[in-house]
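Hello! Here are some notes to read with the model open beside you. Take the points one at a time and find each residue as you go.

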Amino acid sequence: MADKVARRPRDLAEWHPSKYALWSERWGDAVNEPTSIVLRHPTAPFLRTVPKIDDSNMQRVGNAYLEAVAGNPDIDPPIRLPRVFKTNSPDFFKRRFSGLMRWLPLGWPPADPHDDTAGDPFVSFRVERERAGEIFDQTVILVASEWIPDPSSKLKSTGHFLGSGFGIRVVAHVRPKNKKYEIRITGMTASLPFGPYSTAEVFGLLNKDEKAFAAIFNTDKLARVKAEMSGQLGLKDQSVSIRGVRIATTSDGETALVQWQATSKPETEGGRTGATPYSFVFSGTPTEAGALVSKVELVADALTPGHAWVFPLDPASQQPPADLRKRRPTRSEETLDQYRDDEAITAYRSDPLIFPPTTFPLPSGFTEDERVVVCPGFVIADGPPPPYPYPPPPYPKPGDPKTVDLPGTSAPPVRSNGFAAISAYNNVRQFFLRLDAYGMSAASYFRITSLPLKIFYRSGVRPGPGKDGQTVNARVLPEGWPVDYVGPTALGDRPILQLHLALGDLSTRARKPWDGTNRSQAKPLGIAADARWIWHEIGHVLLMCSVGELEFRFAHSAGDALAAIVSDPQSQLAGDANWRGATFPWVFTPRRHDRCVSHGWSWGGALHYALSQVPDSTPPRRKGYWTEQILSSSLFRLYRAIGGDTKVVGTPNQPDRTARESASLYSVYLIMRGIQILPTSTTVLANEPDQLVSALIDADIGTIPWNVHWDVTFPPPPYGTSSTKSFSFQRIGGCVHKVIRWAFEVQGLYTAAGTITNAPGLPPPVDIYILDRRPLSEVTPCDDIAYGPGSYNPVSLDWDPQQSGSDAPPLWQADQDAIVVSGGKISVKVGSRGSQQAKNVKVSVWWHAWPSGSAPPKWNDPSPGSTPWKKCTPSPSPGKTINPGAPPVEFKFTFNPPSTGTRYVVLAIATCGDDAANTDPTTLLPCSQLPTALIDLVPNDNNLGLIVVGRP
């Protein structure tokens, strides 16, 4: 790995985190037995060192961690987890009942993609980022799930994972250290059996009769169960796949019961799924399907180079909102043409729309990421040849890639099938380009599904009235699940995802004049032309690739957030507070990503309450867009807080598009990687939004260097010839994990359980701060929301390189009373926004010269030519206690100030065991070890305060 972290040797045999450095939540069933658990401790990692990353070492570390969690007296209520057996343990019946959990072996990415077990969904997995073959950070997701022995095998360690969704997930960040590997565990989640499932009675029945549940693994008996399901559902025989089971017994413990979890497999012809796939839950026995309990749609709505004119940004976002109506999708071809820009689409003018670009038929060994396919049911030219006289061959076959002649002129017209096809290709390709820029391979990301992503650029949307394609909508669906859960899933058997795109406008169409012989098809604007709609659907693709479901259990998806965050940096609507919050301003739908918590758009409020009260025992169901807007508002606030509100230095309102692009790219990366490290739904369910928060935090603290090279086009047309510049954006992981939690907190997460609270949630129990200059409340289009001191209220993260001590500081720097320099004395005041005492709070103060014409100094910068930061005395200060709600506590220091006329930076760091600063070396966060820009450190950690003294 690159950028090895240098520090003193440390591998603690014991783990003693401070009480409030641990954050835990649990959700219970009707008798308050825990069904879902979250535990995270990003600044207090559990550490071990192993010689090798393999099942034996990682499962040993995983068990040691779970034992430490169970024995920690500061976790209240205590976390009691079932015993977890190693993958090959023969000890299943040797102890009293302690659960059915077993570690899944490390199996992804596969060593050999063509191996029979390469696509097995029942694996622990590695999430890696690499460039040019070098891995620069790695996280191992250890997963345990339910397993029972195979009675037909003589080997006691042979059996089957059930796919029940009950399991445990442990997040372990990996770093090389002295030719070994340091394992840094920062949290876990669990979904535990409830009610009748996997009880001591189940274990007793298995112990008495190992064949009690054997029928669920018998191919012939399973076929009869699937035939019963197909008959009840009115489907073709054997058109159902079993995805998992939950096992139980009757109350007397004598009879085996099974909850079957299945999906339908619609027939696919020419790569197109002809009907809507569904997921089902049946309650029966090992040999009978039983009664239908739940039915949910598996659909998520919403040599001449080949150049074409495309929309680099939706037309609504390319100008301020004053005349937005004049660039609606209903406007003329001539009007909309003004908002297109020349873009290289394919290598040659008639190449197939396949990414990465290639020829067709495909070269041997070529792997597609994306394919735009012909749509014969909706486009005449894509179908079979018309009656005699036939046009010259070749004729496209269903599933073939679409080709569009791209002569480099303004063709194809905006309202044409060709423009819909190239827009679909171009906009989806942005997703794969981002994966590559982030160092995340598409082949590794598509863990539960297979490549390529198939794009139907003209299609209908089922279910509902839009099956004929005459609808403004889009959807993602799997082609079908061709195998059952009982075997390993070979790589080629994982389902391919289909993205179906309908129309962007129903009222205006283009049609060529009739030539008297051939039909002239009316051609409307395709919804593929609006990149924001594509990003919404990518949200479903991300979930299906990693979790195996098209929607979160607690919200629709993160697609609206992706659409908003990707589009905002270059959007001309961003200068208008009202229009900036409109998620889909062009192909319009009234969803927003700036919803007001006090109006019910709260994780603890009125619009999420019904969904939050659904028991974990309830199967997945379709969710509306209320919770999606709560989620997109949370994530968009994260983007704003880490740089998305930055303005050009010295201007009141001019957006700094480069800084905003950096914040956008990192926010999208966190969402993509956060979803990637969520567990598969058949192993561990993620039922709560706080589980996503933990995943986002792990994505941040597991990132070591983050260097992204990205081309940015700005300003967009019609302001003249657009310019495309290449940028390199750098960040260091661990800087923003506190902001992630806060972004969800102020959208109503972490409120008192069982109450409807249309207000921001509670801060961490201990949350110390050095007051900055941010406003104590945020003025929004709907209300003023009070955050109080020590928040991460979004402000401009600009920094004038000519700043002097007498200038008005930017709002992210320390308040004038929080850090005071007078001669050789410095005073620092530290407050607390938490509900508990902050004990043993220590402060250290450092200063560093900032010569004129140079960039601000970095923290932890050992590069040649850099000078070390100088300590003030004492370093650190004696520990003090800060009471909740009390005035800030003062800490005093002395130092030898530099000569008069020297400009310098003063950095104050407050830390304690319950709320460690991100710079605290005991956290082992990447930003505590590696050179990190102050503009990334200070605004994103309220434990830090900074002022500038003197003149350049």
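1. A term to start with: a polar contact is a pair of N or O atoms within 3.5 Å; within protein, one must be able to donate a hydrogen and the other to accept it, and residues adjacent in sequence count only if both atoms are side-chain atoms. With that in hand, look at R553, whose side chain makes a polar contact with the side chain of E549, at 2.6 Å. R553 sits in the loop between α7 and α8 (559-567). Is R553 buried or exposed? R553 is buried, because its relative accessible area is 17%; buried means under 20% relative accessible area, exposed over 50%, and partly exposed in between (1.4 Å probe, protein chains only).

2. Before going further, some housekeeping. This is a predicted model, in which local features need pLDDT of at least 70 and side-chain atom pairs count only at pLDDT 80 or more, while totals for chains, interfaces and linings use all residues. Residues are numbered from 1 along each chain as its sequence is written, and side-chain values use heavy atoms, with hydrogens and water left out. The names of helices (H or I, at least four residues) and strands (E, at least two) refer to DSSP runs, numbered from the N terminus.

3. Now step back to helix α7 (residues 531-546). Its 16 residues should span 22 Å at 1.5 Å a residue, and the end C-alpha atoms are 23 Å apart, which agrees; the expected span is 1.5 Å times one less than the number of residues. Of the 16 residues of α7, 15 are buried, so the helix is largely enclosed by the rest of the structure. D530 caps the N-terminal end of α7, with a side-chain oxygen 3.0 Å from the backbone nitrogen of R532. Just after α7, G548 takes a positive phi of about 85°.

4. At its start, a side-chain oxygen of D656 reaches to within 3.3 Å of the backbone nitrogen of T658.

5. Next, a sheet. In which order do the 4 strands of the open sheet lie? The order is β12-β13-β16-β17, with antiparallel pairing; two strands pair if DSSP finds at least two bridges between them. The edge strands are β12 and β17 (288-297), each pairing on one side only. Neighbouring strands of this sheet are turned by 20° against each other on average, direction ignored; axes are lines fitted to C-alpha atoms, for helices over the stretch in contact, and angles run from 0 to 180 degrees between N-to-C directions.

6. Follow the pairing strand by strand. Strand β12 (residues 240-249) is joined to strand β13 (residues 256-264) by 9 bridges, and V245 has W260 as its bridge partner in β13. The two strands form a hairpin with 6 residues between them, and G253 in the turn has a positive phi of about 75°. On to strand β16 (residues 278-285): β13 pairs with it over 6 bridges, with S279 in β16 as the bridge partner of T263. All 10 of the 10 residues of β12 are buried, so this strand is largely enclosed by the rest of the structure.

7. Helix α2 (residues 200-208) lies across β12 and β13, running at about 100° to β12. Helix α3 (residues 219-233) packs on the sheet, touching β12, β13, β16 and β17, and its direction makes about 55° with that of β17.

8. Strand β23 runs antiparallel to strand β24 (residues 496-501), joined by 5 bridges, and L477 stands opposite Q498 in β24.

How values were computed
Contact = heavy atoms within 4.5 Å.
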